[in-house]
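Subject: Structure handover and notes

Hello,

Here is the structure you will be working with. Please open it first and keep it in view while you read the notes below.

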Amino acid sequence: MDLTRASLLREMLSGTELGNRTTEFGYALRRFTTRRSGLMLFGPVDEEPWHLTAHLDDELRMAGVEDMRPSLVRWAPPSDAPPHLAIGLDRLRDAGRGESLLVVAEDAPADTLLERISDVRKRGTTIFSIGNGDEELTSLSHEVLVPELLVPDGFGWSTREIEPENPMIDEGFETAQHLVSLAAADDEAGQSGWRRRLRNAIERLSGEPA
């Protein structure tokens, strides 16, 4: 899903539980990540969150939010990896207050992953998770997003509603990640829902940004 389609989808979902919750989640990432380069992404050994890291980096860069550009923490980066792809587990040992760890785990996380998260939490880092509602991951997280519980009636598990002819369909778990990355880069994400809707209505009526 490209930026235009993701933005359209976010507008369509404004006021729904999925739209509101992903906006709140993205804003919380901004609010609790106060240390420069303090946003880390982490996931299972065989499913590291490359996709969300790339989208967050693109959105934050385009929004001019340089202090919060994310880092992908990898389990075993190869020795010849470029610097931005060579961040290993030592980064987690250096984590602390003012930083955030965003864990992406669509399936039940392994004990090794949970142990790493627990260690980071003890150092004062804020833990965010996008998962399937796993009890242990939820208990370790300060903010939790479970996409499958938030899909609105009639939306289904795809974005086919806005692009019926497109064979590339984003599942709900991936769609939620797109919405979070857009919200994290939105300076207005912290405004109340009615304020955002009022501003959008004014823009549509006037034909130009309010």
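Does Arg69 count as buried, partly exposed or exposed? Arg69 counts as partly exposed, because its relative accessibility is 22%; buried means under 20% relative accessible area, exposed over 50%, and partly exposed in between (1.4 Å probe, protein chains only).

Some ground rules come next. This is a predicted model, in which local features need pLDDT of at least 70 and side-chain atom pairs count only at pLDDT 80 or more, while totals for chains, interfaces and linings use all residues. Residues are numbered from 1 along each chain as its sequence is written, and side-chain values use heavy atoms, with hydrogens and water left out.

Overall layout

The chain has eight helices and five strands; helices (H or I, at least four residues) and strands (E, at least two) are DSSP runs, numbered from the N terminus. Starting at the N terminus, the order of elements is α-α-β-α-β-α-β-α-β-α-β-α-α. Of the 210 residues in the chain, 47% are buried. A contact means heavy atoms within 4.5 Å. Among contacts between residues at least 6 apart in sequence, 68% join residues at least 24 apart.

Salt bridges

Side chains of opposite charge can pair when their charged atoms come close. The structure holds eleven salt bridges, each being a side-chain nitrogen of Lys or Arg within 4 Å of a carboxyl oxygen of Asp or Glu.

Arg69 pairs in this way with Asp57, and their closest N and O atoms are 2.5 Å apart. Asp57 lies in helix H3 and Arg69 in the loop between H3 and strand S2 (71-72), so this pair ties together parts twelve residues apart in sequence. Another network, built from salt bridges that share partners, joins Arg21, Glu24 and Glu143. Within it, Glu143 and Arg21 meet at 3.1 Å, N to O. That pair links distant parts of the chain, with Glu143 in strand S5 (residues 143-145) and Arg21 in helix H2 (residues 17-32), 122 residues apart.

Glu99 forms a salt bridge with Arg35, at 3.6 Å between the closest N and O atoms. Glu99 is buried, with a relative accessible area of 3%, whereas Arg35 is partly exposed at 38%.

Two serines

Ser129 is found in strand S4 (residues 126-131). Ser129 is buried, with a relative accessible area of 1%. Beyond its neighbours within four places in sequence, Ser129 has contacts that include Phe25, Leu102, Leu137 and Glu143. Ser37 lies in the loop between H2 and S1 and, at 35% relative accessibility, counts as partly exposed. The phi of Ser37 is near 60°, a positive value in a residue other than glycine.

A helix pair

Two packed helices are described by the angle between their axes and the distance between the axes. For helix H3 (residues 50-62) and helix H7 (residues 172-184), the axes come within 8 Å and cross at roughly 25°. Axes are lines fitted to C-alpha atoms, for helices over the stretch in contact, and angles run from 0 to 180 degrees between N-to-C directions. H3 and H7 are therefore roughly parallel to each other (under 35 degrees; over 145 is roughly antiparallel, 65 to 115 roughly perpendicular and the rest oblique). Residues that meet across the pair include His51, Leu52 and His55 in H3, and Glu174, Gln177 and His178 in H7.

Regards
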